[in-house]
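Visitor: I have a model open on my screen and would like to learn how to read it. Could you walk me through a few features?

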Amino acid sequence: GNGVDMELRAPICCILGHVDAGKTKLLDCIRQSNVQGGEAGGITQQIGATYLPVENIRERTSLKAEVTIKVPGLLVIDTPGHQSFSNMRLRGSILCDIAVVVVDITRGLEKQTMESLDLLKHRNVRFIVALNKVDQLYGWKTCINAPIAKALKNQTDDVQREFKWRVTEVITQLMEKGFNAALYYENKKLKQVVNIVPTSAVSGEGNPDLLLLLVRWVPKIMMERLTYVNTVECTVLEVNEDKDFGTTIDVVLINGALRNGDRIVVCTKQGPVTTNIRYLLTPPMKELKVKGVYTHHEELKAAQGMKIAVRGLQHAMAGTSLIVVKPGDDMERAEAAAVQEISKAISLMNEDEKGENEGGTELQEICRIKHCRDGVYVQASSLGSLEAIIKHLKTLALDVPVSGCNLGPVHKQDVMKTTAMLKRKEDVDSFTDHMNKLKEEMKKQCAADAVFPCTLKILPNRVYHSKDPIVCDVE
Ligand code: GDP
Ligand code: MG
């Protein structure tokens with residue numbers, strides 16, 4: 001606009017796709033490491049992040065000096081794609097600017113590819129398709145780390161024919177999912193049509209193409225989104241105990257800057273906690289999962305993954321945002337925002353139907369409810385109480401069906417909603433028994449002095465408070 005170049009931040013990219021499509025291997029290829037070999041069963045269990053400075057990408061793609069790249073680097077989130085980790089996949093896709101959907105060229109679109117595509121469509125996330133394992137085409141001649149055009153030129157007519165046929169097949173499958181797609185070098189509508197990059201995560205063909213698409217094409221189509229702003233936008237990925245630093249949280253800083261000593265509000269199971277950043281750290285190689293000597297920083301700017309050492313955050317919740325409070329800021333407001341964050345994280349989980357599968361995080365544990373269409377909707381003031389109540393409903397002979405959960409006070413509209421959910425007579429009957437048992441249990445709970453400041457919404461038509469098992473009947 002005004003002739004001054006805006007400062008852009010590194011795009012954040014996550015990798016999705018069916019199990020065994022080559023996500024881990026492709027990530028290794030992108031960051032030139034070998035994580036896959038060291039993983040248990042080859043499954044990536046935790047989200048990690050890797051930062052690639054643009055110089056690294058220039059060197060590896062032999063980019064000419066006169067070609068400019070407007071972003072300082074690329075931040076790759078290692079999102080696990082195993083079906084047990086759909087929640088983390090969901091989280092990854094929310095914080096990323098661009099996704100790479102890995103598809104095995106010899107298998108085409110598979111079940112989890114479809115799920116990933118649905119997720120991306122639902123969340124409005126742009127993506128690139130990495131058509132991986134081209135080296136597995138029969139008769140493929142390896143051209144290590146070559147650009148795909150060069151590698152294809154080296155192949156026999158037969159291989160090229162098979163390649164074309166397989167690409168067309170995938171394009172058709174994508175079309176059936178509602179996406180127009182084309183090989184990126186044949187794509188004339190870069191904004192509207194999904195780019196396909198053929199790759200091999202083993203011999204590296206097409207890898208330069210993928211890297212350049214990420215750092216050159218992505219900023220072109222989302223300049224505004226990648227414009228660096230001072231407002232902090234930061235997501236907690238993991239909470240760890242470190243023998244040197246105590247509690248640390250791994251975060252992705254999406255925008256803004258964090259400074260040593262910054263006052264922050266973080267969502268925890270017990271509610272929002274305000275604390276100070278004691279240390280701002282980056283691991284060696286900018287690989288969050290590799291143990292080793294950390295680098296200390298006074299300030300770090302987005303987009304980057306980092307480790308923060310903090311006091312009192314043992315129960316910090318992965319997947320929520322961290323809020324920075326400046327001197328003079330309204331603390332109550334910041335804390336209210338944090339509560340909102342927890343609530344958001346939970347509703348996302350409720351939304352994600354696969355949330356009932358096995359998983360890893362604490363929040364997932366708590367919210368891992370068999371989502372019955374009809375059931376108790378549990379609402380509590382803190383995650384701790386929510387956990388206690390859900391556990392309670394699941395233990396003993398209670399086995400109360402749960403339809404969902406959330407944090408915060410119960411409003412009239414919630415009651416209306418839950419009432420509307422159960423209209424049929426038989427549903428009401430099936431609950432009578434459950435509710436009687438529940439009443440007994442809640443009474444015992446009260447007597448045992450283990451009362452939580454929480455509210456239970458029970459279908460149909462009734463609201464119960466734990467302090468006084470039957471407070472009101474809304475008929
Ligand atoms: P993920 O489950 O999507 O993370 O898949 P992995 O990266 O663990 O890869 C699954 C298997 O496919 C491993 O044995 C890899 O070595 C292999 N693989 C991944 N990418 C390629 C590729 O481009 N070419 C070949 N030949 N094998 C690959
Ligand atoms: Mg993997």
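**Around the ligand**

Guide: Happy to. Keep in mind that this is a predicted model. Start at ligand 1, which 18 residues surround, the closest being Gly22, Lys23, Thr24, Lys25 and Ala201.

Visitor: Which helix gives the most to the shell around ligand 1?

Guide: That's helix H1, residues 23-31, with three residues.

Visitor: And how do the residues of that shell divide into nonpolar, polar and charged?

Guide: Four are nonpolar, nine polar and five charged.

**The core**

Visitor: How should I read a nonpolar core?

Guide: As a general idea, nonpolar side chains in soluble globular proteins tend to be buried together. Here the largest nonpolar core has 94 residues, and those touching the most other members are Cys13, Ala99, Val103, Val129, Ala130, Val251 and Val252. Take Cys13: leaving out residues up to four places away in sequence, its contacts include Leu74, Ile77, Cys96, Ala99 and Leu214.

Visitor: Which residues of H6 are buried, and which are exposed?

Guide: Phe163, Val170, Ile171 and Leu174 are buried. Looking down the axis of H6, the buried residues fall within an arc of 105 degrees, so they line one face of the helix. On the other side, the exposed residues are Asp157, Asp158, Arg161, Trp165, Thr168, Thr172, Met175 and Glu176.

Visitor: What do the buried residues of H6 pack against?

Guide: Strands E4, E5, E6 and E7, plus helix H5.

Visitor: What comes just after H6?

Guide: Gly178, with a positive phi of about 90 degrees.

Key: Residues numbered from 1 in each chain as written. Chains lettered and ligands numbered in written order. Predicted model: local features only at pLDDT ≥ 70, side-chain atom pairs only at ≥ 80, totals over all residues. Near = placed C-beta within 6 Å. Helix = DSSP H or I, 4+ residues; strand = E, 2+ residues; numbered from the N terminus. Nonpolar A, V, L, I, M, F, W, Y, C, P; charged D, E, K, R; others polar. Core = buried A, V, L, I, M, F, W, Y, C linked by C-beta atoms within 7 Å. Buried ≥ 20, exposed ≤ 12 C-beta atoms within 10 Å, placed from the backbone. Contact = placed C-beta atoms within 7 Å. Arc of directions from axis to C-beta.
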